[in-house]
Amino acid sequence: MPPENLTGRTVGGYRLLERVGEGGTATVYRAEHPEHQRCAVKILKERLRQDPTAIKRFLREAGYGSRVHHPAVVWTYGFGEEDGLYYMALEWADGQPLSTVVHRTGRLAPDLVAHIITQLAAGLATAHQAGIIHRDLKPDNIVFDANTRTVKLLDFGIARDAQQDPSDRLTRTGFFVGTLHYVAPEALSGELVGEAADTYSLATISYFLLTGRRPYSGESPRELFQQLLTEPPIPLSEAAKGVSFPRKLENAVMRGLGKDPAKRQAGVLEFARDVAEGVAAADEQPTSPKGLVGALKSLWGGNRPKE
């Protein structure tokens, strides 16, 4: 059976112009709206429209996103149900995922990393102030616009409300949520995590942007799971061959990667401040990859919210 295509329909006042992506639970359309102009609309897949848990999770994601208003976070314009279609309308984010940027250009210059992390931390702090913990921070969920050097955080699909009654959770106790390469060690037990888990994930993203590698070398999920629980991360200065980093910058990132949440920075803003100060403290920053500026400028094209 061919996939459902609602192009040409109007849902919730949003005219669906083009089917541009598909995830596990929703289809993404480029759309237009009289007030918001260009935007993206996610439609819950047909096979899930009779699943109460899937519907609740989809609408909860939209609700969380609508509570966070910050330039570094994709804005959720609206959501709901119309004629049996569950939808959420989102700000359209220009650019490419950070994962694509690094894969195309290699590691990023420390000053650019500090600029990116500062923006992300501000957006996350706004989410935390609204009681929302993202829980799935990763380069795939962050869009970077090379022309403006700005980022947009996407996807509150597995976020949680810090004030939520634990009995109302949609994930079974004992099952962790998140992406293994970026999830905090305390999340692996499946217990509810706090803001410190987002700090850990932000530190892992910083490590990846600076080195092009991740803090653990495990290739299989089982090996990586074990390393996250029992082994220290690879020191930042050993991750990129032939590259050294200022001691203050390395200390900032490695502190954010601490297994004990209480020993990390007090929050994402403090982590970003430490990274920025570590970069500024460098007498001589590592040489940027050849052609980085030109490569970043060549990145173009719209990106739709990732499912």
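R255 is partly exposed, with 37% relative accessible area; the label covers values between buried (under 20%) and exposed (over 50%), using a 1.4 Å probe and protein chains only. This is a predicted model, where local features need pLDDT of at least 70, side-chain atom pairs count only at pLDDT 80 or more, and totals for chains, interfaces and linings use all residues. Residues are numbered from 1 along each chain as its sequence is written, and side-chain values use heavy atoms, leaving out hydrogens and water.

Start with the partners of R255. One is E270: the two form a salt bridge, with the closest N and O atoms 3.5 Å apart. The term needs a side-chain nitrogen of Lys or Arg within 4 Å of a carboxyl oxygen of Asp or Glu. R255 sits in helix 6 (residues 247-256) and E270 in helix 7 (residues 268-280), so the contact ties together parts 15 residues apart in sequence. Helices here are DSSP runs of H or I, at least four residues long, numbered from the N terminus. E270 is partly exposed too, at 21% relative accessibility.

R255 also meets D274 in a salt bridge, at 3.9 Å from N to O. This pair again links helix 7 to helix 6, here across 19 residues. D274 counts as buried, at 12% relative accessibility.

The pairing goes further. Salt bridges with shared partners join K248, R255, E270, R273, D274 and E277 into one network.

Now turn to K138 and D136. Their salt bridge has its closest N and O atoms 3.8 Å apart. Both residues are buried. The salt bridge count comes to 14.

Terms used. Helix = DSSP H or I, 4+ residues; strand = E, 2+ residues; numbered from the N terminus.
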